[in-house]
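Subject: Structure handover

Hello,

Here is the structure I promised to pass on. Please open it first, then read my notes below.

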Amino acid sequence: MKAQKISERFVQNLLLAMPNWNSRLVRPFRESLNREMSLETYYCLETLKMCGVVTMSELAAQLKVPKQQVTKLIDKLCVHGFVERVYNKEDRRSIWIRLTPDAIKYLDEYYLKNKAFIQMLEERLTEEELQKLNGAVEVLGELLPKLK
């Protein structure tokens, strides 16, 4: 019998892990957002916080979504006063996006008031298990960008 390739074993393990990933990590994290915002909005705000000032194209690339989808999201965030467009004086077509001080304050306070997800992790996993899980996610963060 032919030995199974590592890549084939990975796909099997991924298919087995995805239901638990979704039900044990994604869903509880989404619920910790208290329906105040979507995961996509949260990712967008955190990405902008990390990047500082970016163009729409750069933000779309960071979020791995079409530019049109980012434009709609940024429009909504502008209405709520969380994002502002900064026009480039040298190139009218170039628009930079950045968080407002209100958005930064909101994100900082939001993190402090919504610790349910972190508390759930700490209640259900030992320190050693949390370290293993964190290590696994760090490895995913390192390797997934290579799958472009």
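This is a predicted model: local features need pLDDT of at least 70, side-chain atom pairs count only at pLDDT 80 or more; totals for chains, interfaces and linings use all residues.

Start at Val54: its bridge partner in E3 is Ile97. Val54 belongs to strand E1, which covers 54-55. E1 and E3 pair in the antiparallel sense, over two bridges.

Is Thr55 buried or exposed? Its relative accessibility is 16%, below the 20% cut-off, so Thr55 counts as buried. Setting aside neighbours within four places in sequence, Thr55 is in contact with Ile95 and Trp96.

Those two residues also turn up on the other pairing. Ile95 is the bridge partner of Tyr87. Trp96 is the bridge partner of Val86. Both bridges belong to the pairing of E2 with strand E3 (residues 95-99), which is antiparallel and runs over five bridges.

Now the whole sheet. What is the strand order? It is E1-E3-E2, in an open sheet of three strands with antiparallel pairing. As a reminder, strands of a sheet pair through backbone hydrogen bonds.

Then the helices. Helix H2 (residues 39-51) lies across E1, E2 and E3. Its direction is at about 100° to E3. Helix H4 (residues 67-79) packs on the sheet as well, touching E2 and E3. H4 makes an angle of about 110° with the direction of E2.

How do H2 and H4 sit relative to each other, and at what angle do they cross? Their axes come within 11 Å and cross at roughly 80°. That value falls in the 65 to 115 degree range, so H2 is roughly perpendicular to H4.

Which residues make the contact?
- From H2: Glu40, Thr41, Cys44, Leu45 and Leu48.
- From H4: Leu73, Ile74 and Leu77.

By class, this H2 and H4 contact has six nonpolar residues, one polar and one charged. Glu40 is the charged one, and Thr41 is the polar one.

Show E3 with its two partners, E1 and E2. Show Thr55 with Ile95 and Trp96. Then show the crossing of H2 and H4.

Best wishes

Methods. Residues are numbered from 1 along each chain as its sequence is written. Side-chain values use heavy atoms; hydrogens and water are left out. Two strands pair if DSSP finds at least two bridges between them. Helices (H or I, at least four residues) and strands (E, at least two) are DSSP runs, numbered from the N terminus. Contact means heavy atoms within 4.5 Å. Axes are lines fitted to C-alpha atoms, for helices over the stretch in contact, and angles run from 0 to 180 degrees between N-to-C directions. Angles under 35 degrees count as roughly parallel, over 145 as roughly antiparallel, 65 to 115 as roughly perpendicular and the rest as oblique. Buried means under 20% relative accessible area, exposed over 50%, partly exposed in between (1.4 Å probe, protein chains only).
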